[in-house]
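Colleague: I have not looked at this one before. Can you walk me through a few parts of it?

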Amino acid sequence: MLTGTAGFAIGTAARAAPGDIPAVSVTVNAREGLGAVPSTAYGLNQAVWDTNMNTAASVDLLGRAGVRMMRYPGGSYGDGYHWQTNTVSGGGYVAPGTDFDSFMHTTQAIGAQAILIANYGSGTPQEAADWVRYANVTKNYGVKYWEIGNEIFGNGYYGANWELDYHDSKSATTYANLVVQYAKAMKAVDPSIKIGAVVTDPGNWPDGVVGSADPGDWNRTVLTIAGPAIDFVIMHYYPNHTTAADVLQQTRLLPGELAQLRQKIDHYAGPNAATIGIAVTETASNYQSDTQVGGLFTADVYLTALENGVFNIDYWDTRNGMPDNGVTTAPDGTTSYGDGGMISSGNCNSDNVCEPPLNTPFPPYYAFQMLSKVAMPGDTLIRAGSDHQLISVHAARNTDGRLSVELMNQDPTTAYAVNLTYDGWTPSSATPTVYTVGSRSTAISSAQQGTAHTLVIPPYSIVTLKLDPSATNPVSTRLTSPGNPAVSAVTDASATIAWQPSTGGAVTRYAVYQQFGTNSVLLGDTTATSFTARNLLPGTAYTLNVLATDQKGYLSLPSPPVTFVTGTPRTSTCAVTYDLSAGWGSGFVASISVTNTGPDPITGWTLAFTLPATTESVSGSTWNATFATDGQHVTVTPAGYNATLAANGANTASFGFVGNQTGANPPPASFTLNGTVCTTTYSP
């Protein structure tokens, strides 16, 4: 039986004429794998100011939510917290019963892992090493993941000052060098632990800002110095917008930001760059997070991050409390108390406005709980998408053979009739189980309704379908997915992909598919465990999956995705350099140089390139050339004085532009000079 407005909306929609409800098309492609859900995926922050952190009610609520990771001792408190004394430098409040052992007892009681913030701001490498010894040697807690500080870039070095940091130097260089010392001291106690370093969110302040004591911006400096000593990086993701509609659209930008961070890791972090993971250890909607706005954001951001290679996401936070000036009305008419927690603290503000009773879940709690309905650890996320901007979709192939599809309706007033199609997987004709969380729901409801191909979803709702496979489903239930695909020998026109063999049955061939949105194209097949893709386009991003085929022609689960960007030609008659010389969060400066390396001079030239992200653009400020734009495509023509490029690299034309950005700003992947693809080098 459905509850609240969600039940009413579905019931009303089901009786309405088909033309009364706008239709949305959703495609789910089971051939396009996005990776398996790790056991560390679903995390939550715990803060030592929370008096109710370790109560029986907390154990019950967090266990039922499916929390798998617990972060401690709480954001910026991590840079003041001393674990031996359960105190915070600077006099921060620490609630009784929130000491480390009590936290670990709660963590173990719900079957979760811990991720701990080692005190960088007011601590020492020795204090952190002693904590590792106590946790993993004395108490045998087996804490694997350790962050070195929290948001250290907020220590005043770039102007804003909220993070405690007692070091004489606040620079990125100082932080990076000390991370190396922390890692050395901590791993001397337990070599099996994983060390994480703080990075900034690409395209957001202070990304791109270069401090006076550093050779580059925060990420470049930290990764270059500390990269060989760390195992993962720590990013926080808080879209800072002032309307619900804007906040809910921001997760569409997260894949580009994560891709740019991955690019920086690969470029700067040294020989172990490929093994460095990404964790988003704080996230929440910055707007009305205790309403369905926050619930929809939570549902979308966790699965989006996991689909793009993140191994851990931690919601901020369990209980946060109600501020004095935070009461507003959400688009669905519900009240936002300004509480940043997932569960109510039960307090009132100075105007005697009170939030719901202690331990009442807010909508993000139910959105978080819904994650386990979509994909449990070990399940494979697959590509899904809709043709409507306000309908977000995620999907997973579950280890029990079923398929789950989560639909999020970000429209506060309109229900939609969803028409679903499937590629590479066939659902049965049985009525699916449908789980729903509406804007006023007090629990996840479930019902048998709709079909695998048609369903009406209510306004401001999160809906998950659980689908059984058809008896004619073209999917092997025995073959495992090919393992750990890796790319090598990438050129401007080819790349070689190798993988571990599929097991569980006889493999006749392996098929290599390229992802095109929710479509996939067969690049080729082979009986070997490697494949060389040829005739690729230079300067182009490719994402591939490998699937094994059995004797019946059935396909296995897709391998984890492998992504690479083809280069530019090793030899060409032109050469380009692209230098991101400055940045400030909402903009950047790009300097470009072009050289004619061919045997004949060029008089009158056109340089063309495409900005990869929709979040970057050329502003009106350019120099030494004329820039024209058509969407993301840019053409550059010379000023009168640099129109001639002499032969054999005898001179160079240099010019540039100021760019605007609202998110990621990756460099163009290739440039053409009068139609010829140039050899390109970057200085990001």
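Modeller: A definition before the strands come up: two strands count as paired if DSSP finds at least two bridges between them. Also, this is a predicted model.

Colleague: Fine. What is the bridge partner of Tyr510 in S25?
Modeller: Tyr510 is bridged to Thr526 in S25. Strand S24 (residues 509-516) pairs with S25 in the antiparallel sense, over seven bridges.

Colleague: Which sheet are those strands in, and in what order?
Modeller: An open sheet of four strands, in the order S25-S24-S27-S28, with antiparallel pairing. Its edge strands are S25 (519-526) and S28 (562-565), each of which pairs on one side only. On average, neighbouring strands of this sheet are turned by 30° against each other, direction ignored.

Colleague: Switching to S2. Which strands does S2 pair with?
Modeller: S2 (residues 42-45) is joined to strand S11 (residues 312-315) by three bridges, and the two run parallel. S2 also pairs with strand S3 (residues 69-72), again over three bridges and in the parallel sense.

Colleague: And what are the partners of Gly43?
Modeller: In S11 the bridge partner of Gly43 is Asp314, and in S3 it is Met69.

Colleague: Are the S2 residues buried or exposed?
Modeller: Buried, all of them. Tyr42 and Leu44 point one way from the strand, while Gly43 and Asn45 point the other way.

Colleague: What unit do S2 and S3 make with helix H2?
Modeller: A right-handed β-α-β unit, with helix H2 (residues 56-65) as its helix.

Colleague: What lines the largest cavity?
Modeller: Tyr81, Trp83, Ala118, Asn119, Thr124, Glu127, Ala128 and Trp131. Helix H4 (residues 125-138) gives the most to this lining, with three residues. By class, the lining has five nonpolar, two polar and one charged residues.

Colleague: And the second largest pocket, how much space lies in it?
Modeller: About 660 Å³. The pocket is lined by 31 residues, and the closest to its centre are Asn204, Trp205, His236, Tyr237 and Tyr238.

Colleague: Which strand gives the most to that lining?
Modeller: Strand S9 (residues 232-237), with four residues.

Colleague: What about the classes there?
Modeller: The lining of the second largest pocket has twelve nonpolar, 15 polar and four charged residues.

Key. Residues numbered from 1 in each chain as written. Predicted model: local features only at pLDDT ≥ 70, side-chain atom pairs only at ≥ 80, totals over all residues. Heavy atoms only, no water. 1 Å grid on protein atoms, 1.4 Å probe; cavity = no way out; pocket = protein on both sides within 12 Å on 5 of 7 lines; lining within 4 Å. Nonpolar A, V, L, I, M, F, W, Y, C, P; charged D, E, K, R; others polar. Buried < 20%, exposed > 50% of the residue type's maximum accessible area, 1.4 Å probe, protein only. Right-handed = clockwise from strand over helix to strand, strands pointing away. Points joined across faces, edges and corners; volume = space filled by probe spheres on them. Axes fitted to C-alpha atoms, helices over the stretch in contact; angles between N-to-C directions.
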